[in-house]
Amino acid sequence: MSDIPMTTVALLCTASLAAGWIDAVVGGGGLLLLPALLLGLPPATPAAWALGTNKAVAIVGTSGAAVTYARRAPVDVGTAVRIGLAALAGSSAGAFLAAGMSTDVLKPVIMVVLLAVAAFVILRPAFGTAPAPGPATRRQRLAAIGLAGLGIGFYDGLIGPGTGTFLVLALTALLRLDLVTASATAKIVNCCTNAGALAMFSWQGTVLWKLAALLAVFNLAGGTLGARTALKQGSGFVRVVLLTVVFALVANLAYEQWAA
């Protein structure tokens, strides 16, 4: 941290606070914090250190948001953990294949999918506004484990950006949850995948622990505040933030594909 100017540290703390809030509401906080770390760390710092530090920060904010949600939202923790374990396996497989695959081919596909999702949410105002009556069926839970767990976990390992947002959308559709409960469930799933990723980065020694500890305090505050905001404002508010993050993700992927 001695090589990072204090003004940069202050900006990283602000980015971490905002990222925690966004991630708690609808996912996608990494879209803000990871680029901030890549820009804020000294130029000679390998990208792996930014990735590892980001995970060390994110797991704290995500855990805080998950606890806040679990206390006040009707979350099926057992189902969420099962999906999380499946996502951990899928993420490992995606990361294994990522080394030998160009993600540039996949980014345009992801952008099209995201725009289709945005159109669906806009054209279906009732999507995620209220949960379906009764608990999820066994078939619905298996579908969530397979698609939201293995499928999105695989995407997280292969590409990554917007994983939390995809989880919220998938859980809303597959388990017929309202957007607030889907966000709460997604946080528990994210805890599982972040733990696996952080273990790998720690083993590789690519985490700036002092910086991560400082940023984690702000990320935890943002995550807790974001969860409380989502619970207070309801699904309509989450829907607006969701659409904002989806369009931001599309813009980010487009920039990486054609402008960077």
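## Around Val238

Let's start with Val238, which, neighbours within four places in sequence aside, is in contact with Val25, Val26, Leu179, Val180, Ser183 and Ala230 (contact being heavy atoms within 4.5 Å). This is a predicted model, in which local features need pLDDT of at least 70 and side-chain atom pairs count only at pLDDT 80 or more, while totals for chains, interfaces and linings use all residues. Residues are numbered from 1 along each chain as its sequence is written, and side-chain values use heavy atoms, with hydrogens and water left out.

## The nonpolar cores

Val238 is also one of the residues touching the most other members of the largest nonpolar core, along with Val26, Ile83, Leu114, Ala148, Leu171 and Leu242; that core has 47 residues. A nonpolar core here is a set of buried Ala, Val, Leu, Ile, Met, Phe, Trp, Tyr and Cys residues joined through side-chain atoms within 4.5 Å. Buried means under 20% relative accessible area, exposed over 50%, and partly exposed in between, with a 1.4 Å probe and protein chains only.

Which helix gives the most to this core? That's H10 (residues 235-259), with nine residues. Helices are DSSP runs of H or I with at least four residues, numbered from the N terminus. There's also a second, separate core of 21 residues, including Leu41, Val57, Ile59 and Ala197.

## H1 against H10

H10 meets H1 (residues 6-26) with axes that come within 9 Å and cross at roughly 115°. Axes are lines fitted to C-alpha atoms over the stretch in contact, with angles from 0 to 180 degrees between N-to-C directions. The crossing is left-handed, as the near helix is turned anticlockwise from the far one by less than a right angle (clockwise would be right-handed). Trp21, Ile22, Val25 and Val26 of H1 make the contact with Phe237, Val238, Val241, Leu242 and Val245 of H10.

## H6 against H7

For H6 (residues 138-158) and H7 (residues 163-174), the axes come within 10 Å and cross at roughly 165°. The two helices are therefore roughly antiparallel, the label for angles over 145 degrees. This crossing is right-handed. Among the residues in contact are Ala148 and Tyr155 of H6 and Phe166 and Leu171 of H7.

H7 also holds Leu169, which is buried at 9% relative accessibility. Its C-alpha atom is 7.7 Å from that of Ala182, 13 residues apart along the chain.

## Cysteines

Cys192 is buried at 17% relative accessible area, and Cys13 is buried at 7%.

Terms used: Parallel < 35°, antiparallel > 145°, perpendicular 65-115°, else oblique.
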